[in-house]
Amino acid sequence: MLNLNNVSYHVEDQRILNQINLNVKQGEAIAVVGASGSGKSTLLRIIADLISPTEGNILFKGHAYKDYTPESLRQRVSYLPQRLELFGDTIQDNLAFPALARQESFDKKRAKMLLEAVGLKKYKLSASVQRMSGGEQQRVTIARQLMYQPELLLLDEATSALDDKNSRLIEQLIFNMVKEGTSVLWITHNTAQSKRQFHRIVTLHNGEIEQEA
Ligand SMILES: Nc1ncnc2c1ncn2[C@@H]1O[C@H](COP(=O)(O)OP(=O)(O)OP(=O)(O)O)[C@@H](O)[C@H]1O
Ligand SMILES: [Mg+2]
């Protein structure tokens, strides 16, 4: 469903990504690993269409990215960035945001289901996000990202602030979506996590794919 063909990202004379070839199937879960600075976030930002490759091309379901409107791509390809981004004051402000962007009504039932699935059942939708802990805030952003089930989900260290119990809870939620056909690229430093359930592990080294296991 996703094909990267000789994708490079160069800034001035710096090669941040070099000749990346990667094919992702529907319902495939791939762990993206590699040292800090190896280009993992840049790769996901390119696939999320936030930045454009300086060389190469990307196909989504057989069509070039430029054949999609930015809105339709954003609805199909969902990217959770490395840095926490919260909106407004309450949990509801955050979980209702994707519906607002699509000019659709807020699915309160799904919001409550997701809140429970990320282990935040004790909170009401009206609770203030500012008073929550870092790990709780991270789980609000994950729930927000899943208000609509994407075709391709890009996670940049989504569970970095979470303890083992909550990490497993999030993994379960994500891998249930994989079973339903969502493809996932998940940057993780947790090798135990990357070995547990992923179909493949892609390792980046100095902007190149080093090995596939
Ligand atoms: N627009 C840019 N201009 C210059 N350098 C950039 C730009 N974007 C990324 N880089 C550099 O590219 C390298 C890869 O960055 P990237 O954020 O992709 O790494 P990463 O693998 O996600 O690292 P981490 O594990 O620390 O998050 C870094 O050295 C970064 O400074
Ligand atoms: Mg990164």
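Predicted model: local features only at pLDDT ≥ 70, side-chain atom pairs only at ≥ 80, totals over all residues.
Visitor: What makes the chain agree with a compact globule?

Guide: With 213 residues, a compact globule would have a radius of gyration near 17 Å, and the chain has 17 Å, which agrees. The C-alpha atoms fill a box of roughly 50 × 35 × 35 Å along the principal axes, and the chain has 8 helices and 10 strands. Buried residues make up 50% of the 213 residues.

Visitor: Why is helix α1 described as largely enclosed by the rest of the structure?

Guide: A residue is called buried when its relative accessible area is under 20%. In α1, 7 of the 8 residues are buried, so the helix is largely enclosed by the rest of the structure. The buried residues are K40, S41, T42, L43, L44, I46 and I47. Just after α1, D49 takes a positive phi of about 65°.

Visitor: What makes S41 and Q82 the residues that coordinate the magnesium ion?

Guide: An N, O or S atom counts as a donor to this ion if it lies within 2.8 Å of the metal. The OG atom of S41 and the OE1 atom of Q82 coordinate the magnesium ion (ligand 2) at 2.0 to 2.4 Å, so both atoms meet that cut-off. S41 lies in helix α1 (residues 40-47) and Q82 in the loop between β6 (77-80) and α3 (91-95), so the pair ties together parts that are 41 residues apart in sequence.

Visitor: Why is Q82 called partly exposed?

Guide: The class of partly exposed residues lies between the buried limit of 20% and the exposed limit of 50%. Q82 has a relative accessible area of 45%, so it is partly exposed.

Visitor: Which elements give two or more residues to the shell around ligand 1, and which gives the most?

Guide: The elements that give two or more are β1 (2-11), β2 (14-24) and α1, and α1 gives the most, with 3 residues. In total, 15 residues surround ligand 1, and the closest are S36, G37, K40, S41 and T42. The shell divides into 4 nonpolar, 9 polar and 2 charged residues.

Visitor: Why is N94 called buried?

Guide: N94, which lies in helix α3, has a relative accessibility of 0%, and because that is under 20% the residue counts as buried. A polar atom of the N94 side chain lies 3.0 Å from the backbone oxygen of T90.

Visitor: Q103 and E157 each have a positive phi of about 55°; how do you know which is buried and which is exposed?

Guide: Neither residue is a glycine, and the answer comes from setting each accessibility against the limits. Q103, in the loop between α4 (97-102) and α5 (108-117), has a relative accessible area of 76%, which is over 50%, so Q103 is exposed. E157, in the loop between β7 (152-156) and α7, has 15% relative accessibility, which is under 20%, so E157 counts as buried.

Visitor: What makes V178 buried and K124 exposed?

Guide: V178, found in helix α7 (residues 164-179), has a relative accessible area of 6%, which is under 20%, so V178 is buried. K124, in the loop between α5 and α6 (134-145), has 64%, which is over 50%, so K124 is exposed.

Visitor: How many residues separate V178 from I20 along the chain, and what is the distance between their C-alpha atoms?

Guide: V178 and I20 are 158 residues apart along the chain, and their C-alpha atoms are separated by 24 Å. For K124 and R83, which are 41 residues apart along the chain, the C-alpha atoms are separated by 24 Å.

Terms used
Residues numbered from 1 in each chain as written. Chains lettered and ligands numbered in written order. Heavy atoms only, no water. Donors = N, O, S within 2.8 Å, 3.2 Å for Na, K, Ca; no water. Helix = DSSP H or I, 4+ residues; strand = E, 2+ residues; numbered from the N terminus. Buried < 20%, exposed > 50% of the residue type's maximum accessible area, 1.4 Å probe, protein only. Near = heavy atom within 4 Å. Nonpolar A, V, L, I, M, F, W, Y, C, P; charged D, E, K, R; others polar. Rg over C-alpha atoms; globule rule 2.2 N^0.38 Å. Polar contact = N/O pair within 3.5 Å; in protein donor to acceptor, adjacent residues only side chain to side chain.
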